[in-house]
Amino acid sequence: MVSERIEIEGVLMVALFGTEDRLLKTLESTYPQVEVHARGNSVVLKGSASQVAAAKNLVEEMVHLIQAGKELLPQDLTRSAKMIENGNLKPADVLSQSIISSRGKTIRPKTLGQKTYVDAIDENTIVFGIGPAGTGKTYLAMAKAVQALQRKEISRIILTRPAVEAGEKLGFLPGTLNDKIDPYLRPLFDALHDMLDPESIPKLMTSGTIEVAPLAYMRGRTLNDAFIILDEAQNTTPEQMKMFLTRLGFNSKMIVTGDVTQIDLPNGTSGLKLAAEVLADVEDMHFSILSAEDVVRHNLVAKIVDAYAKHDDAKIAKKAANNAAAQNRIAKKTSDQ
């Protein structure tokens with residue numbers, strides 16, 4: 001058992017521990033072998049040496065984040081604790097990185113995986129963001145696109161998705177073209193409304209500064225001076241993926257996002273899966289793999305993702321075991337003959 005005292009300067013204890021001590025309770029639940037006591041402007045930690053050291057590190061990171069103007073939530077503590085455990089990066093370096101601010105809301109990476117993804121977008125021309133629902137693949141890509149537009153690094157944003165359920169044949173749906181494609185592109189519109197003044201979006205779309213269209217409408221084009229995002233890429237065919245990637249023009253950046261566990265193609269190979277195999281060693285391209293640890297929705301979402309992943313792994317293991325057993329039976333039968 002060891003004891004550590006941390007002197008807190010320039011930060012109110014209520015900001016450090018949260019209203020109704022929510023952050024204090026999260027700290028205690030994160031490190032159950034540590035007793036936390038607040039005395040004046042100091043925090044005393046008592047418990048096992050390893051957990052006290054980790055808890056001290058986390059408290060110091062909390063202080064840095066508050067001093068940087070970040071309002072902490074319980075989930076920020078749990079994510080920060082994982083970063084400290086992995087030892088790759090300081091939580092303050094991740095959670096204080098701002099992409100854009102809109103209507104009082106700041107969009108920033110919230111996990112180490114998300115920061116790696118955002119940094120890759122800055123450093124590469126084509127980036128693949130692959131991971132389960134809730135990891136911020138599309139949302140962060142949209143934020144980087146808006147940031148690039150505001151900085152005048154590009155002149156337009158192009159957002160696209162495959163309309164799989166309609167097989168890219170939208171003619172039988174009622175209404176105008178916009179009515180037909182709206183169900184497939186609505187998630188992209190929703191993200192735009194979070195990042196831009198809603199009244200400005202129709203003007204930007206009318207002028208062509210922002211274009212939202214199904215993947216089928218990308219064929220035959222060369223996209224210059226643009227930030228292009230392909231969403232739900234797991235539902236592209238290999239031919240569609242190749243077609244999309246070869247639309248890249250000068251001074252453009254492409255982000256491809258998808259979840260290989262949610263393929264809705266009726267048959268055939270996913271273009272996203274094949275691209276990960278074929279293009280893995282191509283320069284100026286990066287594959288960011290996000291996991292359940294990067295889920296920033298409700299805590300249950302990460303647990304659901306984990307549960308399905310374990311189920312799929314168990315099915316694969318069982319299938320492999322059955323195949324091995326069948327091979328053994330065949331080999332034994334052959335030797336007996």
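Modeller: Before we start, buried means under 20% relative accessible area, exposed over 50%, and partly exposed in between, with a 1.4 Å probe and protein chains only. Helices (H or I, at least four residues) and strands (E, at least two) are DSSP runs, numbered from the N terminus. This is a predicted model: local features need pLDDT of at least 70, side-chain atom pairs count only at pLDDT 80 or more, and totals for chains, interfaces and linings use all residues. Residues are numbered from 1 along each chain as its sequence is written, and side-chain values use heavy atoms, with hydrogens and water left out.

Biologist: Which residues of helix H2 are buried?

Modeller: In H2 (residues 22–30), they are Leu23, Leu24, Thr26 and Leu27. Seen down the H2 axis, they fall within an arc of 160 degrees, so they line one face of the helix. The arc is that of the directions from the helix axis to the C-beta atoms.

Biologist: What does the face turned away carry?

Modeller: Lys25 and Ser29, both exposed.

Biologist: And what do the buried residues of H2 pack against?

Modeller: Helix H1 (13–17), strand E2 (34–39), helix H3 (49–67) and helix H4 (74–86). Contact means heavy atoms within 4.5 Å.

Biologist: Switching to the sheet. What is the strand order?

Modeller: E1-E3-E2, an open sheet of three strands with antiparallel pairing. Two strands pair if DSSP finds at least two bridges between them. E1 (2–7) and E2 stand at the edges, each with a single partner strand, so one side of each lacks a neighbour in the sheet.

Biologist: How many bridges join E1 and E3?

Modeller: Six, in the antiparallel sense. Val2 has Gly47 in E3 as its bridge partner.
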